[in-house]
Each structure stands twice: as structure tokens, then as C-alpha cells.
Amino acid sequence: MVRISNALGLVILMVALLILSLISYVSIRKDSILSSTKYDNMGGPPRIMFHAGFRSQFALNFLDPSFIPLTHALNEELQGKPSKWTFNRTFICHLQKEIFHYIDVANNFSLTKNGVRVGQLMHFDFSSHKYVFSINNNLKSLLPDASPIQNKHYNVCAVVGNSGILTGSHCGPEIDSADFIFRCNFAPTDSYYKDVGRKTNLTTFNPSILERYYNNLLTIQDRNNFFLNLKKLEGAILWIPAFFLHTSATVTRTLVDFFVEHKGQLKIKLAWPGNIMQDVNRYWKTKNLSLKRLSTGILMYTLASAMCEEIHLYGFWPFGWDPNTGKELPYHYYDKKGTKFTTKWQETHQLPSEFKLLYKMHGEGVTKLSLSHCS
């Protein structure tokens with residue numbers, strides 16, 4: 001018993017020393033990073049400076065591998081002195097050529113009536129090949145005659161993510177001024193238009209949304225709510241990635257039946273991509289973004305690159321605090337008040353890695369990443 005007690009005491013002592021060491025390490029690192037910028041002025045590498053409101057957040061997240069240290073340029077933006085973003089036309093043309101080498105975005109944007117046959121089996125991008133979906137007459141009748149984005153070109157496009165950073169941003173008018181607006185996963189705008197705008201030209205619709213927010217259309221009320229929200233998208237493209245996961249197959253059939261039943265009553269353009277994600281993943285691997293599943297946001301950027309001269313990103317911030325105010329943020333701007341930011345998304349996505357790449361592209365003038373509040 002004495003030996004066991006001694007061993008236990010030794011273990012407790014070692015754990016206590018380890019905790020003290022970590023606290024000391026974080027404190028030292030925090031002091032060195034959050035100190036003055038004299039070294040910068042001497043021509044050395046830029047130090048990372050943060051808005052005073054979330055310096056404590058840095059200490060909490062420093063040992064978290066998902067935390068991406070931000071650059072000196074971002075610090076200037078957070079301090080209310082945003083550097084002027086300059087569009088790099090040469091660079092974006094080069095990037096578009098790279099993307100087009102891997103992905104025929106326009107033609108793979110949606111299956112078309114003439115491109116499929118009844119009985120054709122569709123495999124799922126993120127599932128075993130033993131799972132297939134058979135094209136039936138109902139689904140084929142909903143397919144467009146031609147790609148809805150074929151020969152479409154726009155000057156400035158806004159790609160709107162759903163991050164909580166948009167809360168209180170007042171970016172709605174700026175977003176609505178874009179020539180074409182991409183949104184993600186049927187996100188609501190009515191109650192949030194001051195921050196996210198009203199206009200939608202394209203929104204994705206993951207079939208899981210039908211389960212999560214519309215109870216699989218099991219009741220008349222569910223169907224009415226869904227129908228009324230679709231009515232608000234008049235003239236927009238509803239991009240439905242039905243063949244990403246085999247778990248969406250049942251929901252997709254419910255969705256197809258609904259649209260067949262209401263054909264002619266809804267003035268929206270339906271698009272049903274095939275196996276586009278295989279090519280999208282291949283391309284982003286060349287940018288060292290080798291992830292199990294890319295986010296909807298990075299997918300929308302990929303689609304936008306085929307249609308847009310300039311791409312401005314809003315709502316792309318994968319952290320739980322506001323870099324402008326230091327206040328806590330929910331994961332989505334439309335989450336209920338008091339909803340806490342969680343890292344559950346890391347199970348499928350690695351948003352900090354995507355953010356780091358997008359911020360690098362921002363610095364290169366390829367895409368404009370909005371992180372501060374709009375005037």
C-alpha cells in the first residue's frame with residue numbers, strides 16, 4: 001500500500017509540474033507575441049498583434065492545433081486600418097486556368113436531361129461504390145436542358161458563408177451590390193438582411209437540410225414552410241448536391257417528389273450536380289488542401305471562379321470570437337441567441353486550414369476576404 005501511495009503521489013506531482021510548465025509556456029509565448037512591434041520596425045519578420053478584445057482568446061487557443069496564427073496584415077485590419085485590397089487580374093487568370101484544367105465547372109455544374117438516361121446508376125462522392133442511386137423519370141424531368149451557368153460571366157460576385165462573424169456586420173448593402181450572389185445551404189436572410197443582404201442568385205441545398213429544418217416534409221405545415229421559403233428564391237438557382245453521400249438518398253427521393261408535385265408553381269432553377277467533388281478535391285490537393293471533405297464555402301468559391309471576374313468572400317471566419325469586438329460568436333449567423341460556438345465541424349471539415357489558404361489568396365489579390373464590419 002505504501003508503494004502504491006508513493007507512486008500515486010509521484011504521478012500527481014508530475015501532472016502538476018506539467019500543468020505549471022504549460023501555463024508558463026503559454027504566458028511566455030503570449031507576452032512575446034503580444035509585445036510591441038519594435039522588431040518589425042527593425043526589418044525583422046512581422047509579429048502577430050491582436051484586437052485587445054480577444055487577446056485572452058489567443059492564450060486559450062494557442063495550444064489548439066486548429067488555431068491558425070494570423071498575419072501582421074490582418075492585425076492592421078483588426079485595428080481599424082484595413083490595407084487597400086488590390087485585384088490581381090494576372091493571378092486570377094492563372095488560377096482560373098488551373099481550375100479549368102482539373103474541373104469542367106460549367107458542364108459539371110448540373111446533370112442535364114440529354115446527359116443522363118432513366119435507370120442510369122449514380123455513385124456517391126463520399127461513400128463506398130456499393131451505394132448507387134438510380135435515375136428515374138421524375139428526377140430526369142427536373143433536370144435542366146442545359147447547364148444554368150453555361151456562358152455566364154459576371155464582374156463582381158459575392159460568396160456568402162454562414163459564419164457568426166456576419167452578425168452586426170452591416171454588410172447587407174455591400175453584398176447586395178454584387179452582380180451575382182452565392183449563398184450556402186439555404187441560409188435564411190429575411191431577419192438578417194442588414195448584415196447578409198436580401199438578394200440570392202444561387203444557393204446550395206444539402207438534402208440533410210430537409211431533415212434538420214423541415215422534418216422530412218412529414219406534415220402539411222412542414223411542406224407549407226418549405227414551399228414558402230422556396231418562393232422567396234424566385235429566379236435563383238437551387239444547387240442540390242444529391243450524390244455526395246448515400247445517406248441522402250431517401251431524402252433526395254422525398255425532395256424529387258415534392259418538386260414534381262409543385263412543378264410550375266415555383267420559379268426557381270434546379271441544378272443537380274453529378275460527381276463533381278472528385279475533380280474539386282483533386283484540384284485543391286494541388287494547393288495542399290488535402291481534406292476528407294471540403295466545405296460548402298470552398299466549393300462555392302470553385303464554382304464562382306468559372307463565372308466571375310472578382311470574387312468577394314463574406315462570412316468566412318471559422319473561430320468562436322469576433323476579431324472586431326472580441327465577443328463570442330455562434331457557429332452560424334442565424335443560430336439562436338446564446339448558442340455557443342463548437343468545433344463539431346472538425347469531424348468532417350478543417351475550416352481553419354481552408355481559412356489560412358483563402359487569407360493567403362486575399363493577400364495575393366486573388367479574392368477579397370471581408371473580415372471587418374462594413375460601413
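## Lys-232 and its salt bridge

In this predicted model, Lys-232 counts as exposed, its relative accessibility being 52%. Its partner in a salt bridge is Asp-190, and the closest N and O atoms of the two are 2.9 Å apart. Asp-190 belongs to the loop between β4 and α9 (193-196), while Lys-232 belongs to the loop between α11 (220-231) and β6, so the pair ties together parts that are 42 residues apart in sequence.

## Other salt bridges

The structure holds seven salt bridges, and two further examples can be described here. Arg-223 is joined to Glu-261, with the closest N and O atoms 2.4 Å apart. Because Arg-223 lies in helix α11 and Glu-261 in helix α12 (residues 249-261), this pair ties together parts that are 38 residues apart in sequence. Arg-223 is partly exposed, at a relative accessible area of 24%.

The other example is the salt bridge between Asp-279 and Arg-282, whose closest N and O atoms are 3.5 Å apart. Both residues lie in helix α13, three residues apart, about one turn of the helix. Asp-279 is partly exposed, with a relative accessible area of 21%, and Arg-282 is also partly exposed, with a relative accessible area of 44%.

## The chain as a whole

The chain has 15 helices and nine strands, and 48% of its 375 residues are buried. Where contacts join residues at least 6 apart in sequence, 70% of them join residues at least 24 apart. The chain exposes about 19,400 Å², of which carbon and sulfur atoms supply 54%.

## The parallel sheet

Seven of the strands form an open sheet with parallel pairing, in the order β7-β6-β5-β4-β3-β8-β9. At its edges are β7 (269-271) and β9 (368-369), each of which pairs on one side only. Strands of a sheet pair through backbone hydrogen bonds, in either a parallel or an antiparallel sense.

Strand β3 (residues 154-160) pairs with strand β4 (residues 180-183) in the parallel sense over four bridges, and Ala-158 has Ile-181 in β4 as its bridge partner. Strand β3 is also joined to β8 by six bridges, the two strands running parallel, with Tyr-154 standing opposite Cys-308 in β8. Strand β8 (residues 308-314) has six of its seven residues buried, so it is largely enclosed by the rest of the structure. The pairing of β8 with β9 is likewise parallel and spans two bridges, where His-312 has Lys-368 in β9 as its bridge partner.

Ser-169 is found in the loop between β3 and α8 (172-176). This serine is buried because its relative accessible area, 2%, is under the 20% limit. Once neighbours within four places in sequence are left aside, Ser-169 is in contact with Asp-195, His-373 and Cys-374.

## One face of helix α13

In soluble globular proteins, nonpolar side chains tend to be buried together. The largest nonpolar core here has 51 residues, of which Phe-182, Trp-239, Trp-284, Met-300 and Tyr-301 touch the most other members. Two or more residues of this core come from each of α5, β3, β4, β6, α13, α14, β8 and α15, and the largest share, six residues, comes from α14.

A second, separate core has 34 residues, including Leu-111, Val-116, Met-122 and Leu-230.

Note on methods
Residues numbered from 1 in each chain as written. Predicted model: local features only at pLDDT ≥ 70, side-chain atom pairs only at ≥ 80, totals over all residues. Heavy atoms only, no water. Buried < 20%, exposed > 50% of the residue type's maximum accessible area, 1.4 Å probe, protein only. Contact = heavy atoms within 4.5 Å. Areas by Shrake-Rupley, 256 points an atom, 1.4 Å probe, with all protein chains shown as cover. Pairing = 2+ DSSP bridges. Salt bridge = Lys/Arg side-chain N within 4 Å of Asp/Glu carboxyl O. Core = buried A, V, L, I, M, F, W, Y, C linked by side-chain atoms within 4.5 Å.
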